Amino acid sequence: MNNDTNRIYGINGPVVTIKGVTNFSMTEMVFVGEKRLVGEVIRLDNSFTTIQVYEDTSGLKPGEPVYSSGGPMCVTLGPGIIRNIYDGIQNPLSKTAELTGDFITKGISVPSLDEDALWDVEILVKVGDYLSGGSIYAQCEETPLVMHKIMLIPNLNGEVIECTPNGKYKVNDTIVKIKDKKGKIHNLTLCHKWPIRIARPIKARKALTIPLITGQRVIDSVFPVAKGGTAAIPGGFGTGKTMTQHQFAKWCDADIIIYVGCGERGNEMTQALHEFSEIIDPKSGRPLTDRTMLIANTSNMPVAAREASIYTGITIAEYYRDMGYDTAIMADSTSRWAEALREISGRLEEMPADEGFPAYLPSRLSEFYERAGYTVTLSGNEGSVTVIGAVSPQGSDFSEPVTQNTKRFTRCFWALDKSLAYARHYPAINWNDSYSEYLGDLTDWYKQNVADDFLKLRKDILTILIEENSLMEIVRLIGSDILPDDQKLVIEIARVIRVGFLQQNAMHEIDTFVPLNKQYEMMKVILRLYEKSKDIVAKQIPLSKITSTGIFDKLIKMKYAVPNDKIEILNDYFTEIDKTASSLLR
């Protein structure tokens, strides 16, 4: 059908309609208006075609043409993604700013990858080799930390009939030619496109038996997440969601970090950009940006682009997973994405469900989180995608639809508490409301890599905190003086656990990241003090005599006093606890 008939009939914010039957297909990417704004077909019938536009539609007029792209909404996958900053539809913001200045011009088309950059490519196949979908046929160093594996698009197979020699090539240069079973010749370059709403295929899923180490004690020791797992961080305004995710991005042991700022404030994304560029990766000594990619889709950008941004992010995460890397995607925040769904659903006049959100909100959330996993890739490598989604419930109400539906599809729940945040306790993860369902899967790993009794210590720590919670109900009613010393001891030890172990200073050189073996030894020290103090109290010696020695306060400060590379200093704490206990028991 001629494109002349595909003309705009109505405009309602980011939703554009065309009257009559068109030649477009469902989820096809289209270019709207004279400025060729990027859009996607989201509804088709005999009367109207409805398009969701991912750019600002102000100035668009009825009667302007709509052009077909011939394919779905895709991202371009190839070397040059790492270190880049994109918007929600993979426009490179740095390159775009060079052309348009500080304010992005509507309809501007900038290639997602630098088409002029030369990459030093090593060809890994020879004439006569048979390639199947996902096969690696070349590689190049994308950054000093990332060897970029150039893979055959998953839905293509064929025999290699021509190869270029090793050398420097641009992303669109043909380096290999293959012939498929029908005799058609395909030119393979350094990049390919993939639809963002379709998960990249894999060979098999594996059990989630390895934790994602973050260096944050409340997570690694108390509520761990597995590599390939899913976690939610719900919290109201000011509870530290973004800061917690920044700590993840900086310190977790994933190979590739993808940070999606979905509808967040611009100053937060600016902070992330500055921090990531200044931080040195502890494992390699290189800048963190050498293994990081950012999608900046701030709150003042077109609302519909939020809806695409998390799909863009997860598709890029799957791409690096297929190379054999462990990837982690931070979505901050899925509530802003859900609000974009609600706004567009309202403009489409769909029947609203809970709190005005569309009825398909749960299915959209599940589609996103189900793309996480630890997998065997088509090329035979193992890789993972771990998804950590922040949720921003209004008024810290965890019963609202986005939080409740997110809980259904994630196995790790880190509930941020406003009262903890206001008390300057960070990360403000409430140990009474949070949980992790990965502990059973990770038991063997902890036994083999840390200690046999690691999870027992964790259980003892949590038991003390739960007991403190019930005792504080009594204290709030009638005061602490009425409590016997053994119960006062529980409250004192719980204070050491809360302030000395769970609370962590992201700005402190030693405390910002803590290795797992140090976390284990810290738990042992705290529980040793508890056991010795119980023995003292059992002998009718007043608790005040123990606290007056200053040993409790000293344990609270051990997180700052013991460097991560000198964990043996913690042995001195065991010795001091034993000496103090002996002197009191004489």
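Biologist: How far apart do the centres of the positive and negative side chains lie in the chain?
Modeller: This is a predicted model, in which local features need pLDDT of at least 70, side-chain atom pairs count only at pLDDT 80 or more, and totals for chains, interfaces and linings use all residues. Residues are numbered from 1 along each chain as its sequence is written, and side-chain values use heavy atoms, leaving out hydrogens and water. Lys and Arg count as positive, Asp and Glu as negative, with His and the chain ends not counted; each charge is placed at NZ of Lys, CZ of Arg, CG of Asp or CD of Glu. There are 65 positive and 74 negative side chains, and the centres of the two sets are separated by 2 Å.

Biologist: What share of the 586 residues is buried?
Modeller: Buried means under 20% relative accessible area, exposed over 50%, and partly exposed in between, with a 1.4 Å probe and protein chains only. In the chain, the buried share is 55%.

Biologist: How many aromatic pairs does a search of the whole structure find?
Modeller: Rings of Phe, Tyr and Trp (its six-membered ring) pair if their centres lie within 6.5 Å; planes under 30 degrees apart are stacked, over 60 edge-to-face, and the rest tilted. The search gives a count of 11.

Biologist: Which kind of aromatic pair do W445 and Y446 form?
Modeller: Their ring centres are 5.6 Å apart, with 85° between the planes. That makes the pair edge-to-face.

Biologist: Which residues do ring pairs link into a cluster with Y446?
Modeller: Y446 itself is buried, at a relative accessible area of 1%. Ring pairs join Y446 in a cluster with W445, F454 and Y520.
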